[in-house]
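Biologist: Could you walk me through how to read this one, feature by feature? I'd like the general idea and then the case at hand.

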Amino acid sequence: MNRFAVEQLGNVTCIGLPARVDVTNAKAFVDVVRAEIDKDNKQIVLDLSHTEAIDSTALGAIVQIFKSLRARDGELSMAGVGDGVRRVLAITRIDRVFPLFPSVEEAVRFGNEKSA
Amino acid sequence: MRTDSFSAAEHSVLIVDDTMANRRLYGILLAREGFIVRTAQDGVEALRSIESETPSLVLLDYIMPNMNGVEVLDHLRRDPKTARLPVVMLTASAEPDHIDAALEAGANDYITKPVNSRILLARVKSMIQADRMRGRPVRRLESELLEELEEAARVQKAQLPAVPMKWNDWRVTGAVAPSGQVGGDIFDLVPTDDGRFIALLLDVSGHGTASALVAAETRAELRTLLSGRSLLESVRRLNAHMARRETGKYSCLAAVEIEGSTLRILNAGLPPVAVLRGSRVLAEVWGSGTPIGMFEDSTYELTEFEVAAGDRIVMLSDGLTEPFGATDDARSAISRLMLWPSVRDEVPEPDVLRTRITTLTRDSAPELRDDATAVILHLTGSVHEVMRLAARPAAIPRAVRWVVDQSPDWADRVAVDHGLTEALTNAVLHGALGLSSEVRHTDAYDEYLTLAHELPDRPGFMDRHVELKMVQNADSFGIRISWQGAACPVEDRLPPAPTSIRSSGMGSSIIHSLFDRVDWDSDGLGLELWLHRGGAASSSDRALLG
């Protein structure tokens, strides 16, 4: 079972994350997203609707992806961020680095408008 | 290169053959050579025998009723415990397909029947030797790696500053409990030449050796940068340097800079740094910038405070907050680690602190297990008064009056009077009667008080005292009650516990309801009572308690 479900919605690539992203699956996560970036997909939305927790390694992985995308004029955003993850993003101030959307639909609409 | 001698007596061979004559023949040959021989007459018996004790090698007949050799082999290879167990298959020379099938099923070697005794012994011996050689380098590598990790852990521990440290009126301590042999958490205490003191807590992303290396490097660089530079400027530079290095690692950093009575706090990515005054959290600082090394162009900000005697600052890594709720919930961890300010004006000994951390994090779910660190800075010198009273009920009213008269204007004096009377009665009687801490949970509370007032002035007891210590700072008022120089008086000189006492906790409830915070000592005698300005329990609430 693919724990990182990839879905193409117009110009936006939506990647669903599992309940917990940590040192055990952070590399797999980066590999999945890198594969999409290599296909020249520049608008990427991470769907965290089902994600309860991320650890420091996962956070590092997200930042790595953010930087890779930024270097290619792409954009990373997050959707459906729950309380647990939001706290981690807040104390590390990463919530100010890239956009957070309440739902995947809003993130996808934003991404498609930007790439139009 | 050293070659190890081979001793057949150290190895057992399981012979699996449905023909008794064959079992006997192979058994005699192998036993003569010194091997320990076990036998099984079919596949089921063989698997049972292997399950109970794994042999060094299995000599397995191909054709057997019920379960043939290949089926037995298939079972063995599926089980991780026996997946690499050496197996030599005995096949009929006239059946080359059997040889292919045996090797395909995972046999290490085969011998064709009729068996040549020299070939049998040579194959068995060489196969066991090969298995030993195969295992050795891995074991040696593991053991060398473990030794290196232990050495690294010793070095990492030695890099931590000596604590508790005194700096002016500050007492500072800290402890790290890595989740593995080495970890990415580290703390440092840096007194500078220009009269500042900086406490740092670093938590490098990930765990293990790579994180430990980055932590050590980051700490060394920050120490150098802090010489002659402000905390803010040092952190800015450190961030830029780390981001350019692109190690793939970043450091969450909490730093407290003390200069006179001014405190500056920066927290980039760690759980809130808490400033504690008495029973309250005066402030929490977090989100001062992104973790160090994450973005080259990050900006950072400091939060400034004026501190008062008795104030305490607590820094925690997320290994101490995440398992107990939310990453940003420092208060739960502070309570669980018993880090609230104490009237004793002391910080916990590092060993005590480390034990508390280890105990707290030991039962965390494996996925939440992380390096865990706490650093505490305590400003001593809060105003306090001490009095001693004889450990007798008659001495209690005067002691209570002494405290009430000196309590701050904002304190509810009725609450102090009632609560302290209960607490002192508990301490005096509890100690005097030699009862366990369960005494304060009694439903026969009247009986308890009667007993107390009938307490005889017995010899050996008159000289005992209870100590009462008061502390006041900006907006907190604390009272500490403890037995002077002893825990509980010696029980064999005291009357036995009354059997009618049962548990309910009336006295304890009264004490807890009248103060904003109550901390009991482990002996059940000593305790601390705290009130703070604008405390949770209002006067009207207290009036209801009568």
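Biologist: Let's start with α3 of chain A: what do its buried residues pack against?

Modeller: They pack against β5 (53-54) and α2 of chain A. Keep in mind that this is a predicted model.

Biologist: And which residues of α3(A) are the buried ones?

Modeller: A:V85, A:R87, A:V88, A:L89 and A:I91. The general idea for reading such a list: an α-helix has 3.6 residues a turn, so residues three or four places apart point the same way. Then look just past the end of α3(A), where A:R93 takes a positive phi of about 65°.

Biologist: How do I read a pair of helices, say α1 and α2 of chain A?

Modeller: Start with distance and angle. The axes of α1(A), residues 26-38, and α2(A), residues 56-71, come within 9 Å and cross at roughly 15°. Angles under 35 degrees count as roughly parallel, so α1(A) is roughly parallel to α2(A).

Biologist: What is the handedness of the crossing where α1(A) passes α2(A)?

Modeller: Right-handed. On the α1(A) side, the contact is made by A:A26, A:F29, A:V30, A:V33 and A:I37. From α2(A) come A:T57, A:A58, A:A61, A:Q64, A:I65, A:S68 and A:L69.

Biologist: How do the residues of that contact between α1(A) and α2(A) divide by class?

Modeller: There are 9 nonpolar and 3 polar residues, with no charged ones.

Biologist: In what sense do β6(A) and β7(A) pair, parallel or antiparallel?

Modeller: Parallel: β6(A), residues 75-79, and β7(A) share 2 bridges.

Biologist: What about the interface: how many residues of chain A are in contact with chain B?

Modeller: Count both sides, then ask which elements contribute. 16 residues of chain A are in contact with 16 residues of chain B. On the chain A side, α2 and α3 (83-91) each supply at least two residues. By class, that side has 7 nonpolar, 5 polar and 4 charged residues.

Biologist: On to chain B, then. How many helices and strands does it have?

Modeller: Its secondary structure comes to 14 helices and 21 strands. Chain B has 546 residues, of which 40% count as buried. For the fold as a whole, check how far apart in sequence the contacting residues are. Among contacts in chain B with a separation of 6 or more, 69% are between residues 24 or more positions apart.

Biologist: Can you show me a helix pair in chain B as well?

Modeller: Take α2(B), residues 43-52, and α3(B), residues 69-78. Their axes come within 10 Å and cross at roughly 25°, and α2(B) and α3(B) are therefore roughly parallel to each other. Here too α2(B) passes α3(B) in a right-handed crossing. B:G43, B:A46 and B:L47 in α2(B) meet B:E71, B:V72 and B:H75 in α3(B). This contact divides into 3 nonpolar, 2 polar and 1 charged.

Biologist: Which strands stand at the edges of the sheet that holds β6 and β13 of chain B?

Modeller: The order first: 6 strands form an open sheet, β6-β7-β16-β15-β12-β13 in chain B, with antiparallel pairing. β6 (165-167) and β13 (280-285) are the edges, each with a single partner strand, so one side of each has no neighbour in the sheet. Further in, β15(B), residues 312-316, and β16(B), residues 372-379, pair in the antiparallel sense over 5 bridges. Finally, α9(B), residues 350-362, lies across β7 (170-177) and β16 of chain B, at about 40° to β7(B).

Key: Residues numbered from 1 in each chain as written. Chains lettered and ligands numbered in written order. Predicted model: local features only at pLDDT ≥ 70, side-chain atom pairs only at ≥ 80, totals over all residues. Axes fitted to C-alpha atoms, helices over the stretch in contact; angles between N-to-C directions. Helix = DSSP H or I, 4+ residues; strand = E, 2+ residues; numbered from the N terminus. Parallel < 35°, antiparallel > 145°, perpendicular 65-115°, else oblique. Left-handed = near helix turned anticlockwise from the far one by under 90°. Contact = placed C-beta atoms within 7 Å. Nonpolar A, V, L, I, M, F, W, Y, C, P; charged D, E, K, R; others polar. Pairing = 2+ DSSP bridges. Buried ≥ 20, exposed ≤ 12 C-beta atoms within 10 Å, placed from the backbone.
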